[in-house]
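Here is a short report on the sheets, helix contacts and salt bridges of one structure. Keep the sequence and the 3D view open while reading.

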Amino acid sequence: MATISFGGLGNGVDFGQVVDQLVKVQQLPIDALQSKKSNLQTKLTDYGTLGGKLVALQSATDALRLPSFFDRTAATVSDESVLGVSASSTATPGTYLVQVTRLATAHQIASKATKTVTATTSDIVSGAGATFSFRVGTSAIQTVTLSDTATLEDLRDQINDLGSGATASIVNTGTSATPAYRLLLTASSTGADRTITITADSTDLDFLNGSGAGGFDTLQLAQDATVVLGDPAQTQLTIQRDSNTITDAIPGVVLNLKQTTAVGQFATVTVSLDTAQVKDNIKKLVTAYNEVVNFITSHNTYDTATKQGGTFFAESTVRTVVSGLRRSLSDQLAGSSVYGTVGEIGFKTERDGTITLEDAKLDSALSENYSAVRALLANQGTASGVAQRVLQAVDKLDDLESGAVTTRKNGLTTQIDRLDTDIQRKEDALSAYEARLRAQYASLDGLLRQLQSQSDFLRSRVNAA
């Protein structure tokens, strides 16, 4: 009996793989959208980084915007063992000859050696109780009240608890084997008007010498610092202050006295314009400017082999950034009488758009015509300097409402949002398409199984005939 053939129906075809391949074909447009979205997100990230570099440029530029930023002074001293110096922006350049003839000291007194005690915990009150009163300078009298068993430590601690402008301490003037403890009182501040005066003492220490064997020793006088300004061969100015930190002798200059000068000797204090700080700020401006240019350049490339451009390739926004910054920094400054461009003080534009500084040229300008450099870079009255011009250019680029960089970032965000919507819509459609395919092939598979069953039945009947 001839065999009946059904052309391979019911031969175990895996319809799942067929569905997967058909879905993959429909996935290709979604993958393309995902790739486009990824590229836009990278571009948005790079624009965010560019915005950060513009903010850094803005910060560096701001340090050169106002004339007061150029009014910086530095102070040096010929002998730092005698005094230290520092200067603020209000200091006037000049040279000062300084003699330190006396340092300010804090008053310090000690109970007499005849009234020492052998232990800090020894009782120093002979009667039913005692009082100890003192004052510092013209301040109010401070009083400590002691019990009949009060010790030297008790007196010290209660004095220190007063916060009175004087501190108490205990020293051992004897030996370890044979201690001899005495009470010290030290004024908290230096100066002649902070003398410690004992007004009452009924303890055994007898600071007021009621017994004839007491009293106190002066370990250090309360005295003011004395500074003499000027050439010893000429007229000199004598200045006295109650502290070794003198802030108001030379305007804008702080003198920190360390030790007295030898007779006939003096230290030279020099106050000069701090051109080093200004130069450092100029270098920071150049560095921040170059950071912007280099970042744009590194992302504005084109690979001829892959025919792929960088994230900023063919982006008009970055061209706007570079051209705007270049003009603001390099264009002639209207109304300038000495320096009209930054190129005249050492700025040099390289072929890649970055700036280099010619140190010698900048140093010469700062030393020979400092005021002209200030007039070029900083604002003068209502007239904007180069720094202000750069600042305004950056403001225009990253303005939150209309800045070119901000506008581009907003545009990229809108594009990404639209792609997200398209991708979601296509993914939903693909899911529905896949579900339909699987239902259709499941139905086909069932039909094939039914046909296979019928085929098997017919074959068995034919074979039996």
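Two strands count as paired if DSSP finds at least two bridges between them. Helices (H or I, at least four residues) and strands (E, at least two) are DSSP runs, numbered from the N terminus.

## Basis of the report

This is a predicted model, in which local features need pLDDT of at least 70 and side-chain atom pairs count only at pLDDT 80 or more, while totals for chains, interfaces and linings use all residues. Residues are numbered from 1 along each chain as its sequence is written, and side-chain values use heavy atoms, with hydrogens and water left out.

## The three-stranded sheet

Strands β6, β5 and β9 form an open sheet in the order β6-β5-β9, with antiparallel pairing. The edges are β6 (142–147) and β9 (196–201). Each has a single partner strand, so one side of each is left without a neighbour in the sheet. Neighbouring strands are turned by 20° against each other on average, direction ignored. Such angles run from 0 to 180 degrees between N-to-C directions, and axes are lines fitted to C-alpha atoms, for helices over the stretch in contact.

Strand β5 (residues 129–136) runs antiparallel to β6, and 6 bridges join the two. Contact here means heavy atoms within 4.5 Å.

## The five-stranded sheet

A second open sheet has 5 strands in the order β1-β15-β3-β11-β12, with antiparallel pairing. The edge strands β1 (73–77) and β12 (237–241) each pair on one side only. Neighbouring strands are turned by 25° against each other on average, direction ignored. Strands of a sheet pair through backbone hydrogen bonds, either parallel or antiparallel.

Start from β1. It is joined to antiparallel β15 (residues 267–273) by 5 bridges, and T73 stands opposite L273 in β15. Strand β15 is also antiparallel to β3, again through 5 bridges. Strand β3 (residues 94–102) in turn pairs with β11 (residues 225–229) in the antiparallel sense over 4 bridges.

In β11 the partner is L229.

## Helix α1 against helix α7

Helix α1 (residues 15–62) packs on helix α7 (residues 386–398) at about 155°, with the axes 9 Å apart. That makes α1 roughly antiparallel to α7. Angles under 35 degrees count as roughly parallel, over 145 as roughly antiparallel, 65 to 115 as roughly perpendicular and the rest as oblique. The crossing is left-handed. Left-handed means the near helix is turned anticlockwise from the far one by less than a right angle; clockwise is right-handed.

On the α1 side the contact uses L54, V55, L57, Q58, T61 and D62. These meet A387, V390, L391, V394, D395, L397 and D398 in α7. By class, the contact has 8 nonpolar, 2 polar and 3 charged residues. Ala, Val, Leu, Ile, Met, Phe, Trp, Tyr, Cys and Pro count as nonpolar, Asp, Glu, Lys and Arg as charged, and the others, Gly among them, as polar.

## Helix α3 against helix α5

The axes of α3 (residues 275–298) and α5 (residues 359–368) come within 11 Å and cross at roughly 135°. The two helices are therefore oblique to each other. Their crossing is right-handed.

T275, V278, K279, I282 and K283 of α3 make the contact with D359, L362, D363 and L366 of α5. By class, there are 4 nonpolar, 1 polar and 4 charged residues.

## Salt bridges

A salt bridge is a side-chain nitrogen of Lys or Arg within 4 Å of a carboxyl oxygen of Asp or Glu. By this rule the count is 18.

One of them joins D20 and R438, with the closest N and O atoms 2.8 Å apart. This pair links distant parts of the chain: D20 lies in helix α1, and R438 in helix α8 (residues 404–464), 418 residues apart.
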